[in-house]
Amino acid sequence: MKRHDVEAQDGPVIAKLAAIETKLETALAELSIIREQVPAKIVEHTERITVLERGLRGMQWVAGVFAVAIIGAFIGHIFGR
């Protein structure tokens with residue numbers, strides 16, 4: 001195969017790759033605009049809320065354990081007599 005034939009076959013592929021590259025650049029530019037609109041503080045506050053939610057779930061778990069222990073002691077006291 002001659003070099004000219006190979007270059008002629010690669011032409012459409014190169015054109016498609018160039019179109020994909022242009023679309024990717026456009027998408028990245030749009031994402032950078034969106035990123036500027038979402039301040040880092042929102043992300044920071046979201047992370048803090050997540051930590052607080054985890055702490056609250058832990059407190060609820062401990063309160064549940066104590067409630068079960070108290071109810072069990074009460075029932076044991078009643079049926080123990």
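**Stop one: the whole chain**

Start with the cartoon: the protein chain has two helices and zero strands, where helices (H or I, at least four residues) and strands (E, at least two) are DSSP runs, numbered from the N terminus. This is a predicted model, where local features need pLDDT of at least 70, side-chain atom pairs count only at pLDDT 80 or more, and totals for chains, interfaces and linings use all residues. Residues are numbered from 1 along each chain as its sequence is written, and side-chain values use heavy atoms, with hydrogens and water left out.

Of the 81 residues, 0% count as buried, meaning under 20% relative accessible area.

**Stop two: the nonpolar patch**

Next, select L28, L31, I34, V38, I42 and V43: together they make a surface nonpolar patch of about 550 Å² accessible area. Both α1 (3-37) and α2 (40-80) supply at least two of its residues each, and the largest share, three residues, is from α1.

**Stop three: the loop**

Finally, zoom in on V38, in the loop between α1 and α2. Why does V38 count as partly exposed? Because its relative accessibility is 43%, and that class lies between the buried limit of 20% and the exposed limit of 50% (1.4 Å probe, protein chains only).

Technical notes
Patches are made of residues with over 30% relative accessible area and no salt bridge: like charges are joined within 9 Å, nonpolar side chains (Val, Leu, Ile, Met, Phe, Trp, Tyr) within 5 Å. Accessible areas come from the Shrake-Rupley method with a 1.4 Å probe; for residues, only the protein chains shown count as cover. A salt bridge is a side-chain nitrogen of Lys or Arg within 4 Å of a carboxyl oxygen of Asp or Glu.
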